[in-house]
Amino acid sequence: YSQLPINGDGDLTFARTGTSGVPNATRVNEQGLIEDVNADVPRLDYSEGGCPSLLLEPTSTNLITYSEDFSDSIWTAFDVTSVPNSITDPSGNLTGTRITALSGVNRAFQTIVVESSSASSRVYTGSFYIKSPNTTSCSIRVGLSTSNTPLTISSEWQKYEAPFTLSANSTFIRLGVDLDNENDIVDIAFGQVEEQTSATSYIPTNGTIETRAKDTSSKTNLQNYINSSEGTCYFYGKALADSNLNRYISLSDNSGSNFVQIRINISNILQARTFKDGSGLETISSPTTDTLNYYKCAVVWDNTKLVFFVNGVKVQEESVDNSYPINTLNTLTFNNSVIGGSANYEGKVKDLRVYDTALTEQELIDLTTI
C-alpha cells in the first residue's frame, strides 16, 4: 500500500495473469491457513507470522496432477496404509491423508511424474506439508530411492522440500514420503513438484498440471513524488532463493539511460547501482549480506555522492554527481528497465519507501538497523 501520498497516486499497479475473479495462486492468511487468491490480486502473506509480506514469485508449474486427492491411482502405497480425506489440511479442509507404516522394508507412499527426456540435467524441487501424532522423523523422496532427505517433523503442519537433479535422458521423478519404523504415522497434504531450485507457494491441482503466472508490480508517472536531484530509496525484505539471475528494484525514467537500483546479482550479492545520462555506471556491493534472511538497505543519491547502507552499517560512499535532471526518475519497477522489464525481483517485501531527500547518516542508521 502507499503511505504518502494518501490519495492513491503512489499506489503500485499489480498483475498476475489469469481470468479475472478466478483463483490462480495461494497465500497464508492471517489465521495461518492457506487460501486461494484471485488473478491480479497481490498476496499479503502471513507465513512467517506478525506483519505480512508482499509475496512476489516467478512463474511455476505443479507437475503433480492430483495434489490433494491421495486416493487417486497416481499415488501408490508400499508397506503402508493410507486413509485419504481423514485429516484437516493446512487450508482447513478435510483433504489430508494419514499414512501408517506396516512391517516391511519399503514403507513409502509416492507418485511418479513422467517428464520428457532432456539433453542436459534439470533441477526439480518436491514438497509436502507434513505432521505426525507419534513420531518426529521421516523422509521426503524426490527422485531415486537414494535421494531421500531425512526430516525432523512436528505435530503441527510444516512445509518440507527437497531438490533433485534429473540427469540427461531420464524420464521420471518420484515424489514420496518414507516412514522409518513400523507403526509410525505421518499426515500429508499438498504434494507438489516444480522445475525450480526451491519450492514456491502451493499450486493446487485436480486432474491436470497447473501453472501460476509470475507476480509483477510497478508504477509510472511518479515525477511529482520522486525528487530526481536527491533522494533515498529504502527496502526491507528478502529473496526467495539463491539464483543465477539478476533481480532488481528500480527507479528510472523507464529506459536504460537513468536509474537508481537495488540489485541481487547472479552471484547473490546485494548491490546499489546508479546510471546517469547513459554513462558512469556506479556500483556498491555488500558481499556479506545474506539476502535469504530479511535485510534492510537504503540507497542515497545527490549531486555529490552515492551511499549504500545495509542493516545499520554504511557499506560504502562514492563521490559522484548523481543529481538527475528534474522529473527524470518517474517510474518504480520490481524489475530492470534497462533490459525491457525482465529480471524481476523475486522475494518477500516488508517495506519499500522513496524519500524526496538524501537522509542523514544517523537517519540511515536508524532506518536500516535490523
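This is a predicted model: local features need pLDDT of at least 70, side-chain atom pairs count only at pLDDT 80 or more; totals for chains, interfaces and linings use all residues.
Residues are numbered from 1 along each chain as its sequence is written, and side-chain values use heavy atoms, with hydrogens and water left out.

**Overall dimensions**

I looked up the extent: the C-alpha atoms fill a box of roughly 75 × 40 × 35 Å along the principal axes. The accessible surface (Shrake-Rupley method, 1.4 Å probe) is about 16,300 Å², and 47% of this surface belongs to carbon and sulfur atoms. Of the 370 residues, 48% are buried, that is, under 20% relative accessible area, where over 50% would be exposed and values in between partly exposed. I then checked contacts (heavy atoms within 4.5 Å): among those with a separation of 6 or more, 66% are between residues 24 or more positions apart.

I traced an open sheet of 5 strands in the order S7-S10-S15-S12-S13, with antiparallel pairing; strands pair if DSSP finds at least two bridges between them. Its edge strands are S7 (75-78) and S13 (149-152), each pairing on one side only. Neighbouring strands of the sheet are turned by 25 degrees against each other on average, direction ignored; the axes are lines fitted to C-alpha atoms. I followed S12 (residues 137-142) to S13 and found 4 bridges joining these antiparallel strands. One residue I looked up was Ser 139, whose bridge partner in S13 is Pro 150.

**Aromatic residues**

I counted 11 aromatic pairs, meaning rings of Phe, Tyr and Trp (its six-membered ring) with centres within 6.5 Å; planes under 30 degrees apart are stacked, over 60 edge-to-face and the rest tilted. Phe 70 and Trp 75 form an edge-to-face pair, at 4.8 Å centre to centre and 70 degrees between the planes. Both Phe 70 and Trp 75 are buried. Together with Phe 109 and Phe 128, they form one aromatic cluster.

**Cysteines**

How many disulfides are there? I found 0 disulfides, taking a disulfide as a pair of cysteine sulfur atoms within 2.5 Å. The sulfur of Cys 297 is too far for a bond, because the closest cysteine sulfur, in Cys 233, is 7.5 Å away. Cys 297 is buried at 0% relative accessibility, and Cys 138 is buried at 2%.

Definitions and conventions:
Helices (H or I, at least four residues) and strands (E, at least two) are DSSP runs, numbered from the N terminus. Axes are lines fitted to C-alpha atoms, for helices over the stretch in contact, and angles run from 0 to 180 degrees between N-to-C directions. Buried means under 20% relative accessible area, exposed over 50%, partly exposed in between (1.4 Å probe, protein chains only).
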